[in-house]
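This report describes selected features of the model shown below.

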Amino acid sequence: MTNHWFGRVWPIALWQMKQDRVRIPVWIISFLIMTVTTATLFESLYPSAEDRMQLAHSVVNPAITALLGPAYGVDNYDVGAILAHQMLLLTAVVVAVMSILIVTRHTREDEEDGRAELISSLPVGRLSNVTSTLLVQLIVYITLSLFIGLVLVSINIPSITVEGSFLYGAALGVTGFLFAAVTAVMAQLSETARGTMGLSFAVMLTFYLIRAIGDVSYDPLSWFSPLGWMLESRVFVENNWWMILLMFAVAFLIAMIAMYLNAIRDVGAGLLPSKPGKPHASKWLKSPLGFTIRMQRTSIIAWTIGMFVFGATYGSVLVETDTYVAEIEIMAQMLGEDLGTGFELIEQFIVMLGAIISIVATIPMILSMYRLSKEEKNNRIEQVVATTLSRRKLIGSYLLTALIISVLIMASAAFGMALAGALTLDELAFSTAFNAIIVYLPATWVMIGLAALCVGLGKWKGLTWLYLGYAFIVIYLGGILEFPSWMKSLSPYELVPGLPVEEMNWSALFGLIMMTILLIVISLQLYANRDLKG
Amino acid sequence: MAVLETKGLTKTFGEVEALKGVDLRVEKGEVFGFIGPNGAGKSTTIRVLLGIIRANSGEAKIFGQDVWKDAVDLHKKIAYVPGDVNLWPNLTGGQVIDYFISLRGAQVDQQRKLQLIERFQLDPTKKCGTYSKGNRQKVALVAAFAAEADFYILDEPTSGLDPLMERVFQQCVIEAKERGSSVLLSSHILSEVEKLCDHVAIIREGAIIESGSLTELRHLTRTHLYIETEASVDLSGELGVFEWKQEGDGFSFQVDSDSLSSVMTKVSEHGLLKVESAPPTLEDLFMRHYETGGENS
């Protein structure tokens, strides 16, 4: 009977581990590095109790609470408390992402691609696959918990206690297992891997938001989110192990539900009725531009929200510029020699943030442009080019999409930073912070033009990424490494006037726009005249 | 005026010569079979014809217009179905059909589109990611046949279809022909080509080695014969006789078309009891070219 349900669980588990022999260790090692570096960084950033108290003052605000959770132990904000507050929730969310990706791969994706069918034709139990997946995840997260505990103990920071270290690891591990179980349930409900991931991420986001609202309003709402329970463990401050036990119990229950649901359904089927899609294309979808935007809809929305949060995060720490910049020598060097004080310093910081945020915001624009190459690689371009759509219009619709994305994402990042900055810092005008980012828009267009050029050529796509990396290094390390000015001026981002410190320079922006137009004209010409691959 | 005419098309990819002078001619209203094994250059030729890749030399014209320079204008009159249909996994079949039709700038008869979806038994509400190869091909076929085109370019369009759907496809081709459209059908399903095509061209290693109507081509090949005679007979050494085999009470063999009458004379000397003959199939024709290396081309 057990064989009927659980036959060959272990061979399957081993087989899964073999498939993940690189993926899982890379994840675990990244978590270890991330945790240790931030812990030691906090230790070196805030050596004295005074520094830490200053930090404690700045973090008790709704924005930070919503983002990172409530700060526990602010009256004695030691490195342990700082680590738990600043890093635990964010790390846990990334652990949850890992869970969702890996579990989807071994459950619904295997089923969708027909691999599960091959396995179930062998003498294995009906529940063996889902059980093995969960078992492997359990082993992975126990390992992760122990290793996190061990490395935290090993860095030897007084406030990072042995008990707290292992609790910190356990909090991460149990979150991972909980989301593994949640994803396993979703894999039973949805018929596709995409759907499974979508549902699981939606659950994660809901838990995160419930907790954010609950934490900000100090009401019991956070108790409806496992992420809220995790933070209630108050690692390094009170060390509530009960919360972890509660989470494990709930995770176990969810895992049971996943197995039950797996038992009552057919292989390949989903429990949620797969709702029929639209049998017709809307008018919007029928136009090449509408089609291109529709295909990128999800990533456009995700990046817009992501960049808003990114901007807001930086905006909310502007108040802290003095602490961050003045006391960290490296930071001061990054900003250059003529370091100001007070608000002047904040303005310099804003200039650098504007550049960095716009470089990060360029990533989705390049990705968007490169989707056209992906269409070619995936052999979907042939049928499109065989219609009356001209190649110039085809690449044009991708260019236009990338340009729309650039405006949307830059505006959202600028809005995020300006809003959070203006709310937390009285001297800062909304428009000052907003303009500091939005002024970089023409520089991002040059990058879009370059990406289009590579698509036009049909090769050397790494070039755009290299150039973006170069621009980042020039800005981020230019001060420290003291690059000559000609090296700096090779980056389009350096040609943009650094508002609000520098004067507005319309001709520089105009030059960048002319450059973009030139790149676009060349890329259209190239694309229209080359052989397409697929 | 020919619908399609190519002269000496060549195309090289790096060192590889994919096309070495391809000459094709498709007349108005005919279904033209384009056959050859994988890697012979069928798809490369078709991609040149669609202006997806540019020939190194030679001339290719459809309706008298250059396939590269006038591509966009030409594509108004062309419908294309690739052999390997790749679609967007997160759109439904119905959405993709509408998108393709609208990109062709063609007027769609909704009734006709729905009818085709019905005939091909396609579920247009399903996401393309869940379609099998055959279903993806149906999407491309419906998009191609839903709006009328003057010239259909079909590159192994039935490789994933079941026999029933293959028949629906064949009806679509016949209907297109009846409307006066022309069809270039690349295939390696020879029975399909035999059923549908008026003219056939065989491509091998980037060059056309044989071209003509099916009847013309049949003359170039051997007839299958089965005979039973009163007296024993052995023609195995005879000129133009191949694969002489005893089969039951008689013999089966193949005869070159030009040796047929002399062989029949010989056979009748032995008192012919029974004779069965089968016309050469396209497969024989095809195999002959590939076995002999096509030296008679």
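## A mixed sheet in chain B

In chain B, six strands form an open sheet of mixed pairing, in the order 6-7-8-3-9-10. Strand 6 (78-81) and strand 10 of chain B are the edge strands, each pairing on one side only. On average, neighbouring strands of this sheet are turned by 15° against each other, direction ignored. Helices (H or I, at least four residues) and strands (E, at least two) are DSSP runs, numbered from the N terminus; two strands pair if DSSP finds at least two bridges between them. Axes are lines fitted to C-alpha atoms, for helices over the stretch in contact, and angles run from 0 to 180 degrees between N-to-C directions.

The model is predicted: local features need pLDDT of at least 70, side-chain atom pairs count only at pLDDT 80 or more, and totals for chains, interfaces and linings use all residues. Residues are numbered from 1 along each chain as its sequence is written, chains are lettered from A and ligands numbered from 1 in the order in which they are written, and side-chain values use heavy atoms, with hydrogens and water left out.

The ipTM is 0.84 and the pTM 0.78. Chain B has an average pLDDT (the predictor's confidence in each residue, from 0 to 100) of 88, and 97% of the residues score at least 70.

| Strands of chain B | Sense | Bridges |
|---|---|---|
| strand 6 and strand 7 (residues 151-155) | parallel | four bridges |
| strand 3 (residues 31-35) and strand 9 | parallel | four bridges |
| strand 9 and strand 10 (residues 207-213) | antiparallel | six bridges |

Strand 9 (residues 199-204) of chain B is largely enclosed by the rest of the structure, because five of its six residues are buried (under 20% relative accessible area; exposed is over 50%, partly exposed in between; 1.4 Å probe, protein chains only). B:His199 in this strand is the bridge partner of B:Phe32, while B:Ala201 has B:Ser211 of strand 10 as its bridge partner. The hairpin of strands 9 and 10 of chain B has two residues between the strands, and B:Glu205 takes a positive phi near 45° there.

Helix 6 (residues 163-178) of chain B lies across strand 3, strand 7 and strand 8 (182-187), running at about 155° to strand 7.

## A helix residue in chain A

A:Val151 belongs to helix 8 (residues 128-154) of chain A and is buried, with a relative accessible area of 18%. Leaving aside neighbours within four places in sequence, A:Val151 is in contact (heavy atoms within 4.5 Å) with A:Leu32 and A:Val36. A:Val151 and A:Val36 are 115 residues apart in sequence, and their C-alpha atoms are 6.9 Å apart in space.
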